[in-house]
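Please keep the sequence and the structure at hand while reading.

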Amino acid sequence: MSPAADAATRTARRSTRFVTWVRAWRAGLVPFDELADEIAADEEHLVADAPGTWTDVPLGQGLPIFAKLRPDEIRLVLPAPGDPRGLPGPGDLTGAALLAGEAVMTPAFGVVPEVRRHTSGSGVEFETVLWRVLPAPEHRPVFQMGAAEAEAQLTAALGEATARLTKLDVAQWKPELAGALQALRRPESTETLPPGFDPRSRRLFARASVLDQVLALAGTNAPGGAVNGYEAQQRDEALRPLTAACRQALVAACNSPLHP
């Protein structure tokens, strides 16, 4: 895989780490003391609008809002324009989740990440992740496919997309994307899930996490050079079903039943 593609495949969506580690905690599989560090990794994470708070608080101080929930009441949602599955009706929460492309949902509230970029006085750029809590009274999750079905759908979509991109000679005008898609046949991801997830969910999550970042790389390719508008449209049409299958795979893996 090229350096550009490799760099694009290192970071999973933040909500996937958030929801899986919080679910594992509520299942009694990981201690609360480890939670904030596992979610934040090397970033600064804050929580806004948590009940009982008056200002933004460190992540560890905001996580107790999940303390009374069961693991299966905490769910990952990865919405997209035209596909708001898992979200409540129109409102601030749905709008914020669609803008972010991700959210953590519960029967009473949702949590949506917002990345804030800053520049220090010395010119160093850094980011802060703000998890905003938004009410979702009496929210009920929709039906979700299981990991086995999501894995089969992802495999089929990847094969179809690879074949279509080969016909489009994607390697000529986007070698990073072509090389990354080929590498996905033998994915090697450092992304993993906390204790409690079965081997199928772990395998699906690792594969879908890599693919999610490859597709993000593809989305940064603006038409130009060897790519004309028609070629870019054909590329997008080839990737659209794969993008949807990838989102469903991540949701299925992260929301799968936990095992002690």
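## Basis

The structure is a predicted model.

## Aromatic pairs

A search of the whole structure finds four aromatic pairs. One of them joins Phe18 and Trp131, whose ring centres are 4.4 Å apart. Their planes meet at 45°, so this pair is classed as tilted, the class between the limits of 30 and 60 degrees. Phe18 belongs to helix α2 (residues 14–26) and Trp131 to strand β6 (residues 125–135), so the pair links distant parts of the chain, 113 residues apart. Phe18 and Trp131 are both buried.

Phe66 and Phe109 make an edge-to-face pair, with 5.3 Å from centre to centre and 65° between the planes. Phe66 is in the loop between α4 (59–62) and β3 (75–77), while Phe109 is in strand β5 (residues 109–119), so the pair ties together parts that are 43 residues apart in sequence. Phe66 has a relative accessible area of 1% and is buried. Phe109, at 12%, is buried because the limit is 20%. Phe18, Phe66, Phe109 and Trp131 form one aromatic cluster.

## A charge over a ring

Trp25 has a charged group over its ring: the end of the Arg26 side chain, 5.0 Å from the ring centre.

## Arg247 and its surroundings

Arg247 is part of helix α10 (residues 229–254). Its relative accessibility is 9%, and Arg247 therefore counts as buried, the limit being 20%. Which residues is Arg247 in contact with, leaving aside its neighbours within four places in sequence? They are Arg13, Leu78, Pro79, Ala80 and Asp83.

Leu78 and Arg247 are 169 residues apart in sequence, yet their C-alpha atoms are 6.3 Å apart in space. The Arg247 side chain reaches the backbone oxygen of Leu78 at 2.8 Å.

## Asp83

Asp83, one of the residues in contact with Arg247, is found in the loop between β3 and α5 (92–100). With a relative accessibility of 14%, Asp83 also counts as buried. The side chain of Asp83 is joined to that of Arg85 by a polar contact of 2.7 Å. Leaving aside neighbours within four places in sequence, Asp83 is in contact with Arg247 and Gln248.

How values were computed
Residues are numbered from 1 along each chain as its sequence is written. This is a predicted model: local features need pLDDT of at least 70, side-chain atom pairs count only at pLDDT 80 or more; totals for chains, interfaces and linings use all residues. Side-chain values use heavy atoms; hydrogens and water are left out. Rings of Phe, Tyr and Trp (its six-membered ring) pair if their centres lie within 6.5 Å; planes under 30 degrees apart count as stacked, over 60 as edge-to-face and the rest as tilted. Helices (H or I, at least four residues) and strands (E, at least two) are DSSP runs, numbered from the N terminus. Buried means under 20% relative accessible area, exposed over 50%, partly exposed in between (1.4 Å probe, protein chains only). A charge sits over a ring if NZ of Lys or CZ of Arg is within 6 Å of the ring centre and within 35 degrees of the ring normal. Contact means heavy atoms within 4.5 Å. A polar contact is a pair of N or O atoms within 3.5 Å; within protein, one must be able to donate a hydrogen and the other to accept it, and residues adjacent in sequence count only if both atoms are side-chain atoms.
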